[in-house]
Amino acid sequence: MGRYAVSPESVDGTGMRIAVVVSRFNEAVTVSLAEGACRVLEGRGVDPDSILVVEVPGAFELPVTAKRLASSGQVDAVICLGAVIRGDTPHFDYVAGEAAAGINRAALDTGVPCVFGVLTTDTLDQARDRIGGAAGHKGEEAAATALEMVSLLRGLP
Ligand code: INI
């Protein structure tokens, strides 16, 4: 039996091209998600000129943008960032559900990892906890996941 894994903490991003798609809805949160993602990418050796940050209006617009970028042949991974907060909307479930399903579909259709860095919380405070508060930093985690998946998929048959 074989086993294949990459060490998540030590993936070297040198030479990787990464797209970061960030939604403006709940911008106070999503700006921090994007900053954290870019901080980790650059800290792991990704050239800033190889990071393409794309803004979209809301989380619902993440999938079509991820699909475009993932199928371009010009990026190795797409990091999708957003914040869907239940208190703000009766259509929380539609926005969050379609974002999740669509981002996953973009990845499956293209074979390019598309990372789900969308916060889905009941309150703004819970979202804030996830941008460097009690619950970690989901932008940083999304970037680390992207690097791990690029490296992992490169090594698989
Ligand atoms: N988009 C979000 O990213 N987060 C939200 O909390 C949100 N709420 O509350 O409605 C939201 N709505 C906008 C949506 O993503 C689309 O931009 C809009 O429906 C146009 O397609």
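**Exercise 1. The core**

How many residues does the largest nonpolar core have, and which of them have the most contacts inside it?

*Solution.* Keep in mind that this is a predicted model.
- Step 1: the largest nonpolar core has 30 residues, and the ones with the most contacts inside it are Ile 18, Val 29, Leu 41, Ile 79, Leu 81, Leu 119 and Leu 147.
- Step 2: look at where they come from. At least two residues each are supplied by β1 (18-23), α1 (27-43), β3 (77-85), β4 (114-121) and α5 (138-155). The largest share, seven residues, is from α1.
- Step 3: look for a second core. There is a separate one of 22 residues, and it includes Val 56, Cys 80, Val 112 and Cys 114.
- Step 4: zoom in on Leu 119. Leaving out residues up to four places away in sequence, Leu 119 touches Val 29, Leu 33, Gly 82, Ala 83, Val 84, Ala 127, Arg 130, Ile 131 and Lys 138.

**Exercise 2. The sheet**

Work out the strand order and find the strands at the edges.

*Solution.* 
- Step 1: the four strands of this open sheet go β2-β1-β3-β4, with parallel pairing.
- Step 2: β2 (51-56) and β4 each have a single partner strand, so they stand at the edges, and one side of each has no neighbour in the sheet. On average, neighbouring strands are turned by 15° against each other, direction ignored.
- Step 3: count the bridges. β1 and β2 are joined by six, while eight join β3 to β4.
- Step 4: find a facing pair in each case. Ala 19 sits opposite Leu 52 in β2, and Gly 82 sits opposite Val 118 in β4.

**Exercise 3. A strand inside**

Is β1 largely enclosed or left open by the rest of the structure?

*Solution.* 
- Step 1: check burial, using the cut-off of under 20% relative accessible area. Six of the six residues of β1 pass, so this strand is largely enclosed by the rest of the structure.
- Step 2: sort the residues by direction. Ile 18, Val 20 and Val 22 point one way from β1, and Ala 19, Val 21 and Ser 23 point the other way.

**Exercise 4. Helices on the sheet**

Describe how α2 and α3 sit on the strands and against each other.

*Solution.* 
- Step 1: α2 (residues 62-70) lies across β1, β2, β3 and β4, at about 175° to β3. Helix α3 (residues 92-110) packs on the sheet too, touching β3 and β4, and its direction makes about 170° with that of β4.
- Step 2: now compare the two helices. α2 and α3 pack at an angle of about 15°, their axes 8 Å apart. Angles under 35 degrees count as roughly parallel, so α2 is roughly parallel to α3.
- Step 3: the crossing of α2 and α3 is right-handed.
- Step 4: list some contact residues. Among them are Ala 66 and Ala 70 of α2, and Gly 102 and Ala 106 of α3.

**Exercise 5. Two residues**

Are Thr 30 and Leu 153 buried or partly exposed?

*Solution.* 
- Step 1: Thr 30 is in helix α1, and with a relative accessible area of 1% it is buried.
- Step 2: beyond residues up to four places away in sequence, Thr 30 touches Val 22, Ser 23, Arg 24, Phe 25, Gly 82 and Ala 83.
- Step 3: Leu 153 is in helix α5, and its 37% relative accessibility makes it partly exposed.

Terms used:
Residues numbered from 1 in each chain as written. Predicted model: local features only at pLDDT ≥ 70, side-chain atom pairs only at ≥ 80, totals over all residues. Heavy atoms only, no water. Core = buried A, V, L, I, M, F, W, Y, C linked by side-chain atoms within 4.5 Å. Buried < 20%, exposed > 50% of the residue type's maximum accessible area, 1.4 Å probe, protein only. Contact = heavy atoms within 4.5 Å. Pairing = 2+ DSSP bridges. Axes fitted to C-alpha atoms, helices over the stretch in contact; angles between N-to-C directions. Parallel < 35°, antiparallel > 145°, perpendicular 65-115°, else oblique. Left-handed = near helix turned anticlockwise from the far one by under 90°.
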